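Dear colleague,

Please find below the structure that I am handing over to you.

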Amino acid sequence: MYVIQAAAVRGRCAGCLMAQSGRRDAPELPDFSLLKRLARDQLIYLLEQQHEVDKLYKVELKPIVSTADQLCFLIRPRIQTVKWISDVVNLDKAAGRLRRYKIIFTPQKFYACEAVLEEQGVFGDVTCDEWAFYLLPLDDDIISLELPEFFRENFLEGDQRWVGAAGGALRLIHSLYGPFSKVYGIGQCAKMVYESWREQVEDGEQKTQQPEIGNVFLIDRDVDFITPLCSQVVYEGLVDDIFRIKCGSVEFGPEVTSSDKSIKVMLNSQDKVFNEIRNEHFSNVFGFLSQKARNLQTAYDKRRGMDIQQMKAFVSEELKGLKQEHRLLSLHIGASECIMKKKTKQDFQELLKTEHSLLEGFEVRECVSFIEEHINRQISMIDSLRLLCLLSLTENGLLPKDYRSLKAQYLQSYGIEHLLTFSNLKQMGLLVEQQPGETLTVMESKVGKLVNDKTAGKLTDAFSSLAKKSNFRALSKRLVLIPKSGEEYDLRVPRDMAYIFSGAYVPLSCKLIEQVLERDGWTGLEEITRMLNGHEFAVSGGANGTESRIKADSQRIVLVMFLGGCTYSEISALRFLGRERGYKFIVVTTAITNSGRLLEALLDNHP
Amino acid sequence: MSRAKPEDDEYWNSSKFSAFTFDDEDDEFTKMKESKRAVNSILVDDDDDDDDVEKVSWSGEPIGSKPNLTPCFFFFFCLFYNIHQGCSSLVLEIYQPALFSFNILAVISFTDTSTRAYAPELRKPKSECKDYMSDWSPEETVRRMRKGRAYSLERFRSLQDKLLLLDEAVSLHDGNVITAVLIYLKRSLSKEILFRELMVREVALRHYVHYLKEMGEQKLLLMQYKEHLNIKDEGRRRDFLKSCLSLPFSQDDAMHVQDHYTLLERQIIIEANDKRGEAEIFRKYPRKASILNMPLITTLYYSCFYHYGEPEGTFSSPANIRKTFRISEKQYILTALGARAKLKSWFDVDSLFNTKNWLGYTKKRSPIGFHRVVDILQKNNAPAQVLQEYVNLIDDPELRLSLAQKYKCHDIVIDTYKDLKDRQQLIVYQGKVERGSHEDRKIEELINNMQIRWKN
């Protein structure tokens, strides 16, 4: 359940540690707490108006022990869950037990789920509702759809079931904070979401209001797989990589709190300490934190020599704030220490060096043997996979002999059941063999026979055509993603978005956004979009007549919607870009992702 | 959505709201009851049915004809595949509409896997058909579906109409609607025809495959192999893997599956012997877990740990595993090194790298960099002199120097500086060693040696 938050007055993020030179006239962001209130009210309505609810269950796919005569399930529309509920109902029926059942699907129900209820003979016994909870604001500038399954289902399975939901989310934002004056996008899914949104808007009524968000940029995750696969080195990204931030909060274990209990902390702009370091390269964080600690000490020291009156004022006005800051500071110092410890243990330096060499296309053979050794030593299964994918993406596929040998060694080290993982990665184009186009289909059709159905034997033929080239080298050259090596890069004074990867690489996704905003469209980027498999668009919004009245401020508010997830590093890069160019970015994402989550979604080594 | 404050819990637990009734007649509810009503209306004579003329579609077929069913029972069939048992079972569910209670009557097994039955389509009675027969075009129909309004797919009976409907759904980019249409097509078209049409409709095909996957009905080649993960008993799992060997995998994958089977077979044998743990090594280092279902390299490590030096003929010996599974020298050395270093068998570690040349001299050679060897030894707390020996074998002087300094191998640092003819660094290093120690004297001797041609 999400916390029902009062509409708090937010202290806007001011005075960030770096880029003080950035433009100061950036516009204010719209207030998204409204979204939470809307969702909460709707859920309360669902529960209050219609049913007498005693208890809400967390679905754990275990038998239910309850004496209640009504059960209410709040679930994602997943066939597996609905099957489980059907079983519960049928077991009750078999035991002669009379109960009423209600499923509330969020954010929407699927016909396929209802079909399961029908097939299992419980349609009618179970009634369904929908809780249209699309958007969870994680922070002032981050809104999540909390649909991690979007990534796998859309990009691996080719199932467009969430397109409507993404379109619906956009429609909600549009109706509350629009109208948008310009919508840009790239990617097949982005285009479909755009069309879905347009249709939904046409269906509904048109309101005229002051726009708060001027521009929208839709981008598919598969336009850029490289960025989310790189190790994150900006503080917030590192915390996510190591501790896994969930819904904007993180649980710091005993190794961070240096006590015997874990603490759950909200990580957002309300946390003053975090807010100042979240976008920083990790190498700056320690220095900042120790400076902060010294300042805190000075503030505490003020107590000395105070008279009673001053002391009273100090306690009532300052002490609470200081204590709060003290607590946060010690947590983040603990977290940083823990990060350091973990990273030195796993030879992080060497890992980073390999990643950077791959991005640069430098000493690739050394990289291959590093990866091989990484696999041989059975170090982190996900990291090995990540490096393999980076190798494949940057080199447009592995040499056939490398592919065979690395795959074999991977299976030996981490389990042969990863055969399925490799097949998924191949289908996604994340880890492929270099080969001339012709042989690909021949190979695939050999592999892709269905077991118990000859007619469907050609199934995977259709899939094989989907694996596409990444063209990273050429893209990187055209967009200048790799800064010239040899030049010193001062991470304390970043000069471009590459700082989020220690100055080694400008994230492709963010670079595209920068270029399109700069050019007000895709003109001049034709070669680039061709290499990215096209599906780009730029459309002026419907607010034609009122164009002159549109506030200049809203024009500099850009909503970027990542379909398939985005990383904290990308958000940091966009914040940097915003400060440099006077934009404010709002990131809407189907979920926050990182290399671990992205690859875990594609693993198939468990039942 | 994971945060729950106590007050929230209290809220959820203590809410008392107006009673819920199941006979709401709102729009959504009507829809949900469709099938129930359809079932009921088959059985009772529909009094409202004043239209005696049978409706006929343009193709001449009667519309909304009643399926031929026994008067008081309505049979609902669904079929589950049970592939790995080599047969399919038909689960027959019977509804008694008057009571609407449920029981499973019988489970009938068929040996013929190709048998497939579909649920007879629930047809609406004529009176209800009138409401739905308003001519919604495919386009209107899918749009209504997307908005969650009432719709009917019954009128799409000709193949052409069905395909129009499907194409319309695909053009809407709404996976939910596409799957809904596919479920309808699955029920009303033969498998052959459906697949033939899906072959030329990639988007629809992928939705269909994903749907079947989620329903657990159809298994692609690798999905079939994946089934083994659901089998807990190792003997049955092994037999299942054996049955997978005949599946038409690609050449490479076939080899991996074969390896998987062989590996589990070996693990079962090893486990049976080692479970008793009679050998001394098991008493000294008790096993933390069973070796079953572990990856190959873990198995090799285990074998190097508990069964080192066994003759190649035994299944549990490292040599046998190495040979059977074509393990590279590099991989073998890395794993054996890890295992022997863990046991502090420095003699075994030494012999891993010893090679004799034709004159009979022993020389140390390694397929992995010696810096990596040092790293592994150090992580296993190797004593200084063992560490020193391997640090000395690192080729690259820079790397050797940095590791020697890290692990305080003074002699190597001194010798390396001497080789590099770096007198300055040697003087700097002298400050780091204990005054008057053996190292200190050695450096002193060197920097005073006039015969060395220092570069600085």
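What average pLDDT does chain A have, and what share of the residues score at least 70? The model is a predicted one, and chain A averages a pLDDT of 82, with 85% of the residues scoring at least 70. Among the elements of chain A, the highest mean pLDDT, 96, belongs to helix H7 (residues 226-229), and the lowest, 42, belongs to helix H19 (residues 459-464). Two stretches of chain A call for caution. Over residues 1-23 of chain A the pLDDT is below 50, although this stretch has 53 contacts in the model beyond near neighbours in sequence. Residues 438-467 of chain A also have a pLDDT below 50, and that stretch has 56 contacts beyond near neighbours in sequence. Where pLDDT is low, the predicted coordinates should not be read in detail.

I turn next to the charged pairs. Over all chains, the structure holds 59 salt bridges. One of the salt bridges joins the side chains of Arg244(A) and Glu600(A), at 3.0 Å from N to O. Arg244(A) lies in the loop between helix H8 (235-243) and strand S8 (249-252) of chain A, while Glu600(A) lies in helix H25 (residues 595-600) of chain A, so this pair ties together parts that are 356 residues apart in sequence. Arg244(A) counts as partly exposed, at 25% relative accessibility, and Glu600(A) counts as partly exposed at 35%.

A salt bridge is also formed by the side chains of Glu276(A) and Lys292(A), with an N to O distance of 3.1 Å. Here the pair ties together parts 16 residues apart in sequence, because Glu276(A) lies in helix H10 (residues 272-277) and Lys292(A) in helix H11 (residues 282-301) of chain A. Glu276(A) is partly exposed, with a relative accessible area of 21%, whereas Lys292(A) is buried, with a relative accessible area of 15%.

In chain B, the side chains of Asp375(B) and Arg372(B) meet in a salt bridge of 3.8 Å, N to O. Both residues lie in helix H18 (residues 370-379) of chain B, 3 residues apart, about one turn of the helix. Asp375(B) counts as buried at 12% relative accessibility, and Arg372(B) is buried with a relative accessible area of 7%. Salt bridges that share partners join Arg372(B) and Asp375(B) with Lys379(B), Glu350(A), Glu373(A) and Arg377(A) into one network.

As for the cysteines, the structure holds 0 disulfides over all chains. Cys113(A) is in no disulfide, and the nearest cysteine sulfur, that of Cys128(A), is 8.4 Å away. Cys113(A) is buried, with a relative accessible area of 1%. For Cys510(A), the closest cysteine sulfur is in Cys566(A), at 8.4 Å, which is too far for a bond. Cys510(A) is buried, with a relative accessible area of 0%.

Ile327(B) is buried, with a relative accessible area of 7%. Leaving aside its neighbours within four places in sequence, Ile327(B) is in contact with Gln412(A) and with Leu296(B), Leu300(B), Ile321(B), Arg322(B) and Tyr332(B). The C-alpha atoms of Ile327(B) and Leu296(B) are separated by 9.6 Å, and the two residues are 31 residues apart along the chain.

With kind regards

Terms used:
Residues numbered from 1 in each chain as written. Chains lettered and ligands numbered in written order. Predicted model: local features only at pLDDT ≥ 70, side-chain atom pairs only at ≥ 80, totals over all residues. Heavy atoms only, no water. Buried < 20%, exposed > 50% of the residue type's maximum accessible area, 1.4 Å probe, protein only. Contact = heavy atoms within 4.5 Å. pLDDT = per-residue confidence, 0-100. Helix = DSSP H or I, 4+ residues; strand = E, 2+ residues; numbered from the N terminus. Salt bridge = Lys/Arg side-chain N within 4 Å of Asp/Glu carboxyl O. Disulfide = S-S within 2.5 Å.
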